[in-house]
Amino acid sequence: MTLTMNTAAPIITVDKVTKNFTNPSGEQLPVLSDVCLELREGEIVALLGKSGSGKSTLLRIIAGLVQPSAGTARLREAEITAPNASTAMVFQTFALLPWLTVRQNVELGLRAQGVSAYERGERVTDAIDMIGLDGFENAYPKELSGGMRQRVGFARALVVQPEVLLMDEPFSALDVLTAENLRGELMRLWAETAFPTKTMLMVTHNIEEAVLLADRILVLDNNPGRIKGEIRVGLSQPRDPRSPAFQALVDQAYRLFTDGGFDGDRASIAPTPTTRPLPDAGVDGIAGMLDLVAEQGGRADLPDLAAGLRFEVDDLMPLVDAATMLGLATAADGDLELTVDGTMFTQADIDSAKMIFARLARAKAPLVATIDHALGTAQNHRMRDGFFLDLLRRGFTEESAQQQLRIAIDWGRYGELYEYDADEHLLMRDPAA
Ligand code: ADP
Ligand code: MG
């Protein structure tokens with residue numbers, strides 16, 4: 001099975017696709033540059049990239065809605081020059097016609113294909129049943145919740161029985177639970193032998209979602225968009241987001257997503273809490289690891305360090321990421337080396353160590369800086385944790401949003417930048433500060 005999958009001719013081939021848009025002042029804006037990718041039978045591919053990296057444009061090129069400036073997109077051997085019956089798309093914003101009922105919206109997908117009225121009726125009913133919309137056939141989009149609207153979006157795409165299903169951030173406008181349900185249902189359909197779709201390409205900016213669903217994750221670099229790397233997710237479905245193997249893949253994707261000049265020409269734009277998440281590492285863990293490195297003369301081999309602690313190197317990665325993010329250490333060639341700040345941190349008394357940590361966290365940990373700044377301007381220097389959680393939910397799953405806040409609280413408390421009252425859900429400036 002796996003063998004035939006890997007050797008089969010690709011269904012979709014994107015071959016050195018470049019796309020430039022002309023902006024209103026007449027300049028050429030490069031959006032995609034030399035992008036190559038293949039979609040093969042039986043695989044789900046996730047396309048991960050920041051906002052503006054050209055993900056939607058690439059999807060539209062594969063759907064035949066946009067023509068590349070150079071290079072080609074092919075469906076098997078045939079160059080894609082127009083929308084076609086083999087490919088369907090699900091949009092983030094559902095893109096339903098408000099004056100049509102659920103049934104009529106779903107049927108839209110078929111009208112263009114010249115399917116007879118009788119067959120249209122049958123297929124629409126099937127698609128509506130399959131995606132759990134029965135009973136809502138005659139409702140209008142405005143009468144539906146976001147989750148139900150996106151079901152219509154899926155039904156409209158699936159009614160054409162597409163070989164290739166393209167999805168542009170299909171779950172990101174939904175609340176966490178609804179998104180989880182719909183993801184689960186999509187994966188159940190995908191596992192059915194009768195499901196007509198042979199390959200799926202999903203755009204997302206949610207790393208956990210990519211690791212949850214995809215067999216391969218392609219990371220798109222910004223400005224102009226080019227494929228920066230690929231991660232193969234060799235886990236069977238259903239996947240457990242709490243498993244170490246899952247978390248290791250999330251970490252790997254984070255690193256590919258964030259390192260190595262991801263921002264290209266936009267490097268001057270400051271990283272934000274969502275573009276630069278805090279590694280899941282507590283101050284105790286970071287400090288403990290740095291102490292061990294200090295004991296070894298300020299430089300340590302990571303696998304040795306891990307073995308000494310009876311950990312896997314992967315278990316240390318969040319600590320290593322945190323230490324390098326904060327500028328306490330640098331990692332290269334499998335070694336971890338203390339910086340000047342890192343050395344001072346390990347030698348300082350507790351108050352000085354806290355001050356060093358506070359300075360670095362404020363400068364290099366975007367979420368800590370955001371909270372610190374917000375509290376500085378807030379009345380009474382107090383804010384509800386829900387405010388930050390709400391912001392974080394835009395870029396993270398519920399679980400990760402909570403985790404991010406927990407880490408930022410740990411770091412900020414240690415540096416005495418702010419305090420947290422868990423009962424009142426309040427973040428506050430340390431009154432003494
Ligand atoms: P993403 O989906 O990754 O956020 P898009 O593909 O939507 O990125 O857009 C990439 C870049 O191309 C953005 O800077 C966007 O403003 C620009 N862009 C997209 N479509 C057009 C268009 N039709 N005309 C001009 N610029 C466009
Ligand atoms: Mg987009």
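Is F357 buried or exposed? At 1% relative accessibility, F357 counts as buried, where buried means under 20% relative accessible area, exposed over 50% and partly exposed in between, with a 1.4 Å probe and protein chains only.

Before I go on, the model is predicted, so local features need pLDDT of at least 70 and side-chain atom pairs pLDDT 80 or more, while totals for chains, interfaces and linings use all residues. Residues are numbered from 1 along each chain as its sequence is written, chains are lettered from A and ligands numbered from 1 in the order written, and side-chain values use heavy atoms, without hydrogens or water.

Now the rings. The structure has six aromatic pairs; rings of Phe, Tyr and Trp (its six-membered ring) pair if their centres lie within 6.5 Å, and planes under 30 degrees apart are stacked, over 60 edge-to-face, the rest tilted.

One of them is W190 with F195, edge-to-face at 6.5 Å centre to centre and 80 degrees between the planes. W190 is buried at 18% relative accessibility, and F195 is buried at 7%.

Back to F357. Its ring and that of Y414 have centres 5.2 Å apart and planes at 85 degrees, so this pair is edge-to-face. F357 is in helix 13 (residues 350–364) and Y414 in helix 16 (residues 398–414), so the pair ties together parts 57 residues apart in sequence. Helices here are DSSP runs of H or I, at least four residues, numbered from the N terminus.

Y414 is buried too, at 17%. F357 and Y414 belong to one aromatic cluster with F345 and W411. Finally, the charged end of K354 sits over the ring of Y414, 4.8 Å from its centre; that requires NZ of Lys or CZ of Arg within 6 Å of the ring centre and within 35 degrees of the ring normal.

Conventions
Helices (H or I, at least four residues) and strands (E, at least two) are DSSP runs, numbered from the N terminus.
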